[in-house]
Amino acid sequence: QVMKAKNKGEGRTKGGSQTIFRNFLQFLGIGKCKVIFSEDIGVAFIHDTNLYIPEAQLSRELIIRVLNVCHSRVEGVLPNNYSSLLESILTCMKGGEGSECSLEIAKRIVQKAKRIKTESAKFLHTNAKDFLKSDSVEVPSEDEADPVATGSSNSNSNLERLIRKNMQRKSTPAHVGGGAFDKDNAGLDDCIRPSSHMSHVKVDEIFGGGSIFCDETTATSVRQNSFDEVDAKKIASIRIVLKDAISIIRNAIPSIRGYLDDICEGYDAGNDSYEAFFDGERIIINLCAFLSKLEGTRKRSVALNLVTVITHELAHALLPEAGHGPDWRDCHMNMIVQIMHHLEH
């Protein structure tokens, strides 16, 4: 089967998909790795020096899965390059099967990854100089592991310590939104979007039951039973997929369940350009932004998109003063890597 897959993939060695992954692999620091696409395989894997990839649409989810395989199975991957590239992909590409990576998008991804890496290096260099200027230096004992030497091996324990340090129960208020996500300290970033003032509204079973935070117009139509039934059923479907996404995160990172319990569902019809926000106390998922993504897309892809969105906001919740800086990015990437590793095993 491996030889069959390899032979079928030879015809695509000069295709756009090959070039896209060569650009990504080169940035990761992998020089000698042949990329082979095949319809005969269902998951990406490494064999000898060959990288085998399912012949499918180059969605964000597929690319991340392939890069995760490279990160865990191929020697020579530069950790900082990997985290920078992953964050760039999550920023530059939309989730769902309807969004495919082109060669132009791939070039933008690599360029942004280079900028992210440079910014991170400057941040670390500045902190290092401040550290050297400090009056006291803590010297680790011989039994204590060198944090530089252990590198990414300590990332899981660092995330666990961060979760324990910040864990606290939060109340669910009657109103949310009405701002531009200033509480998550995101800075002047392209994810900043306005949000409507939303109130907690009880909804019928056609929406999935329970309650949802709604903008004023939607709240009125729900109370007057004039909300579109087709969209109401879509909302119910998205809420089920959201529960699946939360379960994926909970199973991969059990210690973070306290934050997952505080995720709230919202429907902001006036602002469908944002998918979620952290307001300083809770994460609001804007179901309206996912209506179109549910059409013609496998629910699993939508769930993985939601996983990315949720972990983005969880990183803000864990590091509320970090903005979109290196600390926030490392936290987010740590969660993504752990989740992808969990899904692959």
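Arg282 is buried, its relative accessible area being 4% (buried means under 20% relative accessible area, exposed over 50%, partly exposed in between, with a 1.4 Å probe and protein chains only). Asp279, at 17% relative accessibility, also counts as buried. A salt bridge joins the side chains of Arg282 and Asp279 at 2.2 Å, N to O (a side-chain nitrogen of Lys or Arg within 4 Å of a carboxyl oxygen of Asp or Glu). Through salt bridges with shared partners, Asp279, Glu281 and Arg282 form one network.

## Basis of the values

This is a predicted model, in which local features need pLDDT of at least 70 and side-chain atom pairs count only at pLDDT 80 or more, while totals for chains, interfaces and linings use all residues. Residues are numbered from 1 along each chain as its sequence is written, and side-chain values use heavy atoms, with hydrogens and water left out.

## Strand 7

Strand 7 covers residues 263-267, and five of its five residues are buried (strands are DSSP runs of E, at least two residues, and helices runs of H or I, at least four, numbered from the N terminus). Ile263, Glu265 and Tyr267 lie on one side, Cys264 and Gly266 on the other.

Strand 6 (residues 211-215) runs parallel to strand 7, joined by two bridges, with Cys214 opposite Tyr267. Strand 9 (residues 283-286) pairs with strand 7 in the parallel sense over four bridges (pairing requires at least two DSSP bridges); here Glu265 stands opposite Ile285.

## Other salt bridges

The whole structure holds six salt bridges. In one of them, Glu265 meets Arg239 with the closest N and O atoms 2.9 Å apart. This pair links strand 7 to helix 9 (residues 229-252), 26 residues apart in the chain, and both Glu265 and Arg239 are buried. Arg60 and Glu61 form another, at 4.0 Å, N to O; both are buried.
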